[in-house]
Amino acid sequence: MDVPLKKRRVDEKPNFTKCIICQEANSNESLVKSITDEAYRNILHYIFTRAAYGEKELIDASKSLGLSEVDLKQNNATFHASCRKRLVSSEK
């Protein structure tokens, strides 16, 4: 069962204390703490690529996350492992 990504206003900046993909602080799943530059790069790549294919939730995320992996790292951005897995899934 896919959990829909939370819709964000385009002009809204991401809350870096929450998952940068779903923008939820899901109490059932902890946020990933040790994140590499490569992981940030992959997340941004998949968000922008899937947004280009018209996925509405990711279009909004791509506009608010118009950042580089360096920006994400400097802001200590984090995510749920399940959100990342759903984002980079080859089934999508």
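This is a short talk on the fold of one protein chain and two of its residues.

Okay, a bit of housekeeping. What we have is a predicted model, where local features need pLDDT of at least 70 and side-chain atom pairs count only at pLDDT 80 or more, while totals for chains, interfaces and linings use all residues. Residues are numbered from 1 along each chain as its sequence is written, and side-chain values use heavy atoms, with hydrogens and water left out.

So, the fold. The protein chain has four helices and zero strands, and its pattern along the sequence reads α-α-α-α. Helices here are DSSP runs of H or I with at least four residues, strands are runs of E with at least two, and both are numbered from the N terminus.

How much of the chain is buried? Of the 92 residues, 37% are; buried means under 20% relative accessible area, exposed means over 50%, and partly exposed is in between, with a 1.4 Å probe and protein chains only. Now contacts, meaning heavy atoms within 4.5 Å: among those with a separation of 6 or more, 70% link residues 24 or more positions apart.

Now for the two residues. Glutamine 23 sits in the segment before α1 (37-52), and its phi is positive, near 60 degrees, in a residue other than glycine. Is this glutamine 23 buried or exposed? It's buried, at a relative accessible area of 5%.

Then there's asparagine 76, in the loop between α3 (69-74) and α4 (81-88). Its phi is positive too, near 55 degrees, and again this is a residue other than glycine. Asparagine 76, though, is exposed, with a relative accessible area of 59%.
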